[in-house]
Each structure stands twice: as structure tokens, then as C-alpha cells.
Amino acid sequence: MSRLTYRSYLRVDELLGLQCPRSAPMVPDELLFITVHQVFELWLKVLLFELTLARDDMLAGQVAPARARLQRCCGIERVLLEQFDVLDSMAAAEFERFRDALGTASGAQSAQFLEVEFLSGLKDPCFAERRDWLTPAEHEVLRRRLAEPCLWTGFLTVLGDAGFDVSTRSRRASAYRTIARNRVGHAALWDLQDALLRHDQSWSLWRARHALTVERQIGAQAGTGGSAGATHLRARFGLRFYPELWELPSSL
């Protein structure tokens, strides 16, 4: 058996062979474009892993581990945001040189992005009607995410276990206010509530930053793959995973 090394453990040879520009002659910035998007997908994989564990922790009544994982997720989301700075170093004219090589491929086709939204609580039961590019395996994963509890379900489970009535929106709002007004007495619940809100905020910032980068690169043009481009992305900026938590400051 061969000795395990850094290179073999991380499968570096395979990893570095996955960047395959399609432009001919090759446009140098296409390597940057591919690499950044592959790194996005790697971090989304980790994010899904951590969010799933945080959800499971909450369902099991484990508040501290759930909070810690959500805080880690916010760190991952900061890394995702910073990658747009690298993409913005690519001039619009350079992107146009290889854009046709993308064919119908589009960042809007990220199944993992949809999975994060479903797991976080923003579920779309009609997702399959508008997304014929999903593979059968991706369809199955997203259908499972639709059916299983989301992070919000986990959070309400924690509140119920702590003795709060979560049966209606108004009673949940009362619980959020009680926690917010006694952050010392309900420190663990407040930290968890705040971590969920930070996750929601980080994802909203990701949407906004994505829209700005797309607008910087293609302006008002239609997006790759026939999407509405920056117009579509801007329209999604107002979506929130946990609108009830965003309403809390107005009621304090």
C-alpha cells in the first residue's frame, strides 16, 4: 500500500485536472471564472453539511452545538462573499471573449444553492417546473429537502422545548420579544436566534453581491442560459428565510 501524502490525501492531481476552459484560443480569464465557481460549489457542500448538522442538533435539543455550527456557516458565507472581489477583477470585455463558450450553462443552475435555500426554510414546491436542467439525482435530493424539516422547524422545536408557545405567529412573536428583552436569562436562545438571523443576512448579502457582479460583467443583457440576468437576481434580494425574526425590532 502506498504511503499517504498530502497530495494523495487531497487527491490534488484529480482536483487540478478539473479546470477545463472551453474557449479556443483560450481566454486567460476563463480559468479564473471556472476556478471561482468550482470553489463556490465546494464551500456550498461544506455549508450544507454544517447546516444539516445544525438542524439536527436543534431537533435534538442541542442548542450550543447548533449555534456553533451556524456561526461557522456565517464564516463560510463571508468567504463566499469575498470571492466576488476576485471575479470583479475580470473586465467585462474579457468575459465577453469566452462567454459564448459557456453555452447554456449558468450559475443559476446550482442545485446546491437551491438546496441551501430549501434547508434554510425558503422552500419552493414548484421548483421542478422551471428547472429542466436538473439531473434526476438533483431532483431527488431537492425533493428530499422539501419533505424534511428545515432549520426553522429546528428552531421552533428548541423554543417549544424551552416552554414557549409557538402555535401561532403572534405567540411566536411574543416569545422572540421575551428572549430579546432578557438576553441574560435566555442567553443560549438569544444567541441561537441571532445566529439564524446572521445566516439569513449573510445569504441576502450573497444574493446582492452576485447581482452586482453580474451587472458589472454583462450590464442589462440577458443572463447565460436565457435567465433575466441581474434583473432576476435583484428581484430575489428581498427574500428572507426568517421574516418573523426580521420583524422583531419593530415590536420592541
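1. Does Phe-33 count as buried or exposed? Phe-33 counts as buried, because its relative accessibility is 13%; buried means under 20% relative accessible area, exposed over 50% and partly exposed in between (1.4 Å probe, protein chains only).

2. A word on the basis: this is a predicted model, in which local features need pLDDT of at least 70 and side-chain atom pairs count only at pLDDT 80 or more, while totals for chains, interfaces and linings use all residues. Residues are numbered from 1 along each chain as its sequence is written, and side-chain values use heavy atoms, leaving out hydrogens and water.

3. There are 14 aromatic pairs in the structure (Phe, Tyr or Trp rings, the six-membered one for Trp, with centres within 6.5 Å; planes under 30 degrees apart are stacked, over 60 edge-to-face, the rest tilted). Phe-33 and Phe-98 are edge-to-face, because their planes meet at 65°, with ring centres 5.5 Å apart.

4. Phe-33 belongs to helix H3 (residues 29–59) and Phe-98 to helix H5 (residues 92–98), so this pair ties together parts 65 residues apart in sequence. Helices here are DSSP runs (H or I, at least four residues), numbered from the N terminus. Phe-98 is buried too, at a relative accessible area of 1%.

5. Phe-98 also pairs edge-to-face with Phe-95, at 5.3 Å between centres and 80° between planes. About one helical turn separates the two, because they are three residues apart in helix H5.

6. Elsewhere, ring pairs join Phe-40, Phe-84, Phe-113, Trp-203 and Trp-206 into a cluster.
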